Every structure is written in C-alpha cells, then in structure tokens.
Protein chains: 2
Amino acid sequence: MKPKDIEQAKARASALLRKARIAVTPEERETMEVADLGLGDIKNLGLEVIVYENNDRYCAKELILFPRQTCPEHRHPRVDDRNPGKKETFRCRYGEIFLYVAGEPAPRPKARVPKKHREFMTVWHEIILRPGDQYTLPPNALHWFQAGDKGAVVSEFSSTSTDENDVFTDPRIRRVGK
Amino acid sequence: MKPKDIEQAKARASALLRKARIAVTPEERETMEVADLGLGDIKNLGLEVIVYENNDRYCAKELILFPRQTCPEHRHPRVDDRNPGKKETFRCRYGEIFLYVAGEPAPRPKARVPKKHREFMTVWHEIILRPGDQYTLPPNALHWFQAGDKGAVVSEFSSTSTDENDVFTDPRIRRVGK
C-alpha cells in the first residue's frame with residue numbers, strides 16, 4: 001500500500017473509534033495495522049487492527065472495519081504442540097457485523113460481496129453481532145465477516161495470535177503481519 | 001450480601017457502563033458478579049465484574065468500580081503444570097484507575113485507603129491508568145487498585161481465570177466466584 005493510502009485508512013479507522021467512544025493512545029493510532037492482505041482494495045477488503053496485547057498466553061485486539069469492509073474467509077490451523085490453533089471471541093462494540101461460519105447457509109445473507117470475491121467465501125451460516133453481542137470460534141473454523149453500513153468496531157479476545165499461520169481461502173492473499 | 005444490596009450495586013455498575021458507552025446484554029447485566037469478597041462493605045471494597053468469556057485458553061472481563069471502590073491486594077499463584085498462574089492485562093476504558101504493584105512506593109499515593117484496611121495493602125508502586133492506558137501483570141504479582149472519583153471501567157484480558165485460586169493479603173477475604 002502507498003503511504004498516503006495507509007494514512008487515509010488510519011484516519012478513517014480513528015474516526016470510527018471516536019464514534020465508538022473507544023480511547024486509544026496516539027502511539028496505538030500510529031502503529032495501527034492496515035491490512036489490505038495484498039489485494040490492493042482496502043476500502044472493500046481487509047481490516048484495521050490495534051493489537052493491545054499479544055503474549056504467549058492470550059491476545060486482545062480492537063478490529064475496525066469501514067462500512068461494508070470485509071475480512072476475507074480464513075481459518076487458524078494448528079501451529080504446534082503448544083498451540084492447537086487460535087481460538088477467538090468477537091465482541092461487537094459499535095456498528096454491526098455479519099459473521100459467516102460453517103452451517104446452514106443464510107437464504108438471504110446480509111453481507112454484500114462483490115462477484116469477483118464470492119468464489120472465495122465458502123461458508124454462509126450467518127451470525128449477526130450488534131453492540132454487546134459476541135461469538136466464539138473454535139480453532140481452525142472457517143470464517144469471514146463484513147461490517148454493516150455504519151462500519152464496526154469489534155473487540156477480539158483470543159489465544160496467542162500468530163497471523164503468519166492463518167490460511168485464507170483466496171490463494172492470492174498473503175497475510176503480512178505480526 | 002442481601003439481594004437488595006446486590007441489585008443496587010448492579011444498577012450502579014450498569015449506570016457506569018452506560019456512561020462509558022459500553023454495551024452489554026440484559027443477561028450480562030443480570031448475571032454480573034458483585035464481589036464484596038465477604039467483607040460486607042461493597043461501596044468501598046470489592047468490584048463488579050462481567051465475564052465475557054473464560055475458557056481453557058483465555059479470559060476477558062469488564063471490571064466496573066464505583067468511585068473510590070478498591071479491589072484489595074491479591075495475587076494469582078501457579079495453579080498446576082498447565083497454568084503457571086494467571087497473567088492479566090488491565091486496560092482502562094473509562095474513568096481513572098490507581099494500580100499498585102511491587103516497586104518504589106509512591107511518596108503521595110493517589111488512592112485513599114481507610115485506615116482499617118491499610119495493613120493489607122503492602123505494595124505501593126503506583127501506576128495511573130486513564131482511558132486508553134493499560135498495564136500487564138505477570139503471574140503471582142501482588143497488586144491492588146482503586147478507582148478515581150468518577151469510578152472506572154477496565155477491560156481485563158488474561159489467561160484462564162480461576163478466581164478460587166486467588167490469594168488475598170487480607171486473611172478475612174474469601175473469594176466466592178467462578
């Protein structure tokens with residue numbers, strides 16, 4: 001991503017945090033991760049992340065999504081004997097999140113996915129999270145999510161995060177992260 | 001505690017959550033833990049807790065403290081081979097928290113502790129947390145904390161929580177929890 005686009009995404013995500021009344025430090029705002037996942041379409045695909053803590057036992061992040069921005073389908077497989085794959089809880093703090101997991105597909109899903117990306121979204125069981133709602137995913141569960149029309153802020157509580165082990169359904173995606 | 005006092009504490013904590021703009025479900029409000037720690041002085045000693053998630057790998061809670069309410073000194077010792085003691089991160093979301101840990105004592109600590117409880121507060125190195133600030137405690141570290149004049153809401157991210165293993169400095173305290 002171009003530095004200008006990264007700065008623009010950070011400013012937009014910061015505005016959403018302010019709307020959500022979530023305080024972050026200037027340093028956290030500065031080091032926010034803008035993850036376009038190598039797809040070059042941050043307005044629609046990817047997400048913004050502030051990692052509050054990631055240690056050998058647990059992890060906590062704030063995920064920020066622009067209106068209708070989509071985090072593409074992926075899973076967190078077994079890493080090694082100590083880490084059987086990331087388990088994670090999404091708790092909606094602001095806006096609305098349409099979360100998709102394996103199961104009975106929604107007949108009329110609320111997410112709107114551009115045609116060219118649809119083939120990489122294979123699970124369609126819909127879970128709608130509004131402020132105060134949360135959902136916990138077991139390790140290795142395929143999932144993807146899209147924010148509603150206002151965007152969204154989601155707290156992620158999880159076991160240790162090792163983003164480089166994530167497996168995305170779209171083979172073009174390269175997760176560049178910590 | 002009397003049911004009436006528990007309900008009153010829940011209502012007061014819920015009002016603080018509303019001020020902090022933190023959404024919780026009606027069920028979470030209902031099942032909120034009001035922990036007076038057996039001391040019968042909830043207005044000054046103890047805290048209110050909503051457990052968002054507590055599984056075999058991580059835990060996330062929202063801690064709510066009334067103005068000047070104090071969580072008494074305690075530590076989280078080794079539980080067994082799988083759990084070397086709870087590690088935890090406190091992130092202030094609203095108000096102000098005066099956190100005390102081992103180290104150089106504050107010459108003029110901001111917390112105000114009633115005389116009769118002071119003997120059970122043995123660590124006085126002061127860390128002040130305002131919205132957006134956080135601090136991570138290693139397992140078994142003695143700590144206690146008090147909210148400032150507006151009360152406080154603090155997100156706790158941690159390894160698995162087993163409250164029954166907590167060791168309090170005040171021998172009268174009995175942690176009744178999950």
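Q: In this predicted model, over how many bridges do E5(A) and strand E8 of chain A pair?
A: Let's start with two strands of chain A, E5(A) and E8, the latter spanning residues 143-158. They pair in the antiparallel sense. At one point of this pairing, Val101(A) stands opposite His143(A) in E8(A). The number of bridges between E5(A) and E8(A) is 12.

Q: Which residue of E6(A) is the bridge partner of Val101(A)?
A: E5(A) also pairs with strand E6 of chain A, residues 125-129. That pairing is antiparallel and has 5 bridges. Within E6(A), the partner of Val101(A) is His125(A).

Q: Which residue in E7(A) is the bridge partner of Arg91(A)?
A: Strand E7 of chain A covers residues 134-137. E5(A) and E7(A) run in the antiparallel sense, with 4 bridges between them. Looking in E7(A) for the partner of Arg91(A), we find Gln134(A).

Q: How many of the residues of strand E5 of chain A are buried?
A: Strand E5 runs over residues 88-101 of chain A and has 14 residues. The strand is mostly covered. The number of buried residues in E5(A) is 13.

Q: Through how many residues does a hairpin join E2(A) to E3(A)?
A: E2(A) and E3(A) pair in the antiparallel sense over 6 bridges. As one example, Glu48(A) has Ile64(A) as its bridge partner in E3(A). The hairpin joining E2(A) to E3(A) passes through 4 residues.

Q: Why does Leu37(A) count as buried?
A: Leu37(A) lies in the loop between strand E1 and strand E2 of chain A. Its phi is near 60°, a positive value in a residue other than glycine. Buried means under 20% relative accessible area. Leu37(A) counts as buried because its relative accessibility is 4%.

Q: Which residues is Ser14(A) in contact with, leaving aside its neighbours within four places in sequence?
A: Ser14(A) is found in helix H1 of chain A. With a relative accessibility of 6%, Ser14(A) counts as buried. Setting aside neighbours within four places in sequence, its contacts are Arg29(A) and Met32(A).

Q: What kind of axis relates chain A and chain B?
A: Chain A can be laid on chain B with an RMSD of 0.0 Å, using a turn of 180° and a shift of 0.0 Å along the axis. This relation is that of a two-fold axis.

Q: In chain A, which residue has the C-alpha nearest the axis?
A: Both copies use the same surface, as 100% of the contact residues of chain A recur in chain B. In chain A, the nearest C-alpha is 2.8 Å from the axis and belongs to Tyr58(A).

Q: How many charged residues are in the lining of the largest pocket?
A: The largest pocket has a volume of about 640 Å³. Of its 19 lining residues, the closest to the centre are Asp56(A), Arg82(A), Asp56(B), Arg57(B) and Arg82(B). By class, the lining has 2 nonpolar and 8 polar residues, and the number of charged residues is 9.

Methods:
Residues numbered from 1 in each chain as written. Chains lettered and ligands numbered in written order. Predicted model: local features only at pLDDT ≥ 70, side-chain atom pairs only at ≥ 80, totals over all residues. Heavy atoms only, no water. Buried < 20%, exposed > 50% of the residue type's maximum accessible area, 1.4 Å probe, protein only. Pairing = 2+ DSSP bridges. 1 Å grid on protein atoms, 1.4 Å probe; cavity = no way out; pocket = protein on both sides within 12 Å on 5 of 7 lines; lining within 4 Å. Points joined across faces, edges and corners; volume = space filled by probe spheres on them. Nonpolar A, V, L, I, M, F, W, Y, C, P; charged D, E, K, R; others polar. Least-squares fit on C-alpha atoms with pLDDT ≥ 70 in both. Contact = heavy atoms within 4.5 Å.
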